[in-house]
Amino acid sequence: MKLLSLLILTPFIALAHGEDKEGPHGGHIRMPGAFHTELMLDEKQEAHIFLLDMEFKYPTVKNSKIEVAAVNGKDKVDFKCSVMGGNHFHCVPTKKYPLKGELKVKAVRDGAVGNEVSYKLPLTKLAEEKPSSAHDHH
C-alpha cells in the first residue's frame with residue numbers, strides 16, 4: 001500500500017520541486033538531493049549542465065563533478081565533461097548516441113553528493129510561447 005501511494009504521488013513530488021518549469025538558463029530541472037541540476041542540449045546534442053542551489057540560483061563548479069551517460073536499452077554512451085565558462089559543465093558524448101532513451105546524470109555540487117537523475121529523451125519544450133505585448137522589448 002505504501003509503495004502504491006509513493007508511485008501515485010511521485011509525479012506531484014517532482015512538480016513541487018520545480019521539475020515542471022524551465023530553469024533559469026532555459027533548461028530542464030531535476031533535484032538529485034540538496035541542490036538542482038539544469039540540463040540543456042545544444043545543436044550538436046552536447047550537454048550543458050548547471051549545478052544550482054535549492055532556490056535555482058548560484059551555479060557552481062567549485063568542488064563539483066558530473067558524470068553523464070545516454071542510455072537506450074542495453075546501449076550506453078558516456079560523455080566527457082569539463083568546466084565551461086566558469087559556471088557550468090559542458091559534456092561531450094564519446095560517440096553519436098540515439099536521441100531516444102534517457103540521459104543519466106550523477107552530480108556532486110560543492111561537495112554535496114546527489115542521487116542519479118534521469119532526463120527522458122528527446123527533451124520536450126517546457127516553456128510555452130508567451131504572447132507578445134508592447135512591453136516585451138524593454
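Q: Leaving aside neighbours within four places in sequence, which residues is V68 in contact with?
A: In this predicted model, V68 is in contact with I49, V77, D78, F79, C81, C91, L103, K104 and V105 once its neighbours within four places in sequence are set aside. Contact here requires heavy atoms within 4.5 Å.

Q: Which residues of the largest nonpolar core touch the most other members?
A: The core has 20 residues, and those touching the most other members are I49, I66, V68, F79, C91 and L103. Two or more residues of this core come from each of β3, β4, β5, β6 (88-93), β7 and β9. As a general background, nonpolar side chains in soluble globular proteins tend to be buried together.

Q: What makes β4 and β7 a pair of strands?
A: Pairing requires at least two bridges between the strands, and β4 is joined to strand β7 (residues 101-109) over seven bridges in the antiparallel sense, so the two strands meet the criterion for a pair. Within this pairing, K65 stands opposite V108 of β7.

Q: How do you know that β4 and β5 pair, and what lies between them?
A: Four bridges in the antiparallel sense link β4 to strand β5 (residues 75-84), and at least two are needed, so these strands also count as paired. A69 has D78 as its bridge partner in β5. The two strands form a hairpin with two residues between them, and G73 in the turn has a positive phi of about 65°.

Q: Why is T37 called buried?
A: T37, which lies in strand β2 (residues 36-41), has a relative accessible area of 1%; buried means under 20%, and T37 is therefore classed as buried. Beyond four places in sequence, T37 touches H28, I29, R30, P32, I49, F50, L51, A107, V117 and Y119.

Q: What makes the approach of the T37 and Y119 side chains a polar contact?
A: The distance is 2.6 Å, and the limit for such a pair of N or O atoms is within 3.5 Å, so the two side chains are joined by a polar contact.

Q: Why does R109 have no salt bridge?
A: R109 lies in strand β7 and is buried, and the nearest side chain of opposite charge, D53, is 5.1 Å away.

Q: Which backbone oxygens does the side chain of R109 reach?
A: A polar atom of the R109 side chain lies 3.1 Å from the backbone oxygen of L51, and the side chain also reaches the backbone oxygen of L52 at 3.4 Å. Among the residues that R109 touches beyond four places in sequence are F35, D53, Y58 and N63.

Q: Why are Q45 and F56 called partly exposed?
A: Buried means under 20% and exposed over 50%, with partly exposed in between. Q45 has a relative accessible area of 25% and F56 one of 28%, so both residues are partly exposed. Q45 is found in the loop between β2 and β3 (47-52), and F56 in the loop between β3 and β4 (65-72). Q45 has a positive phi of about 65° although it is not a glycine, and F56 has a positive phi of about 65° although it is not a glycine.

Terms used:
Residues numbered from 1 in each chain as written. Predicted model: local features only at pLDDT ≥ 70, side-chain atom pairs only at ≥ 80, totals over all residues. Heavy atoms only, no water. Buried < 20%, exposed > 50% of the residue type's maximum accessible area, 1.4 Å probe, protein only. Polar contact = N/O pair within 3.5 Å; in protein donor to acceptor, adjacent residues only side chain to side chain. Core = buried A, V, L, I, M, F, W, Y, C linked by side-chain atoms within 4.5 Å. Lys, Arg positive; Asp, Glu negative; His and termini not counted. Salt bridge = Lys/Arg side-chain N within 4 Å of Asp/Glu carboxyl O.
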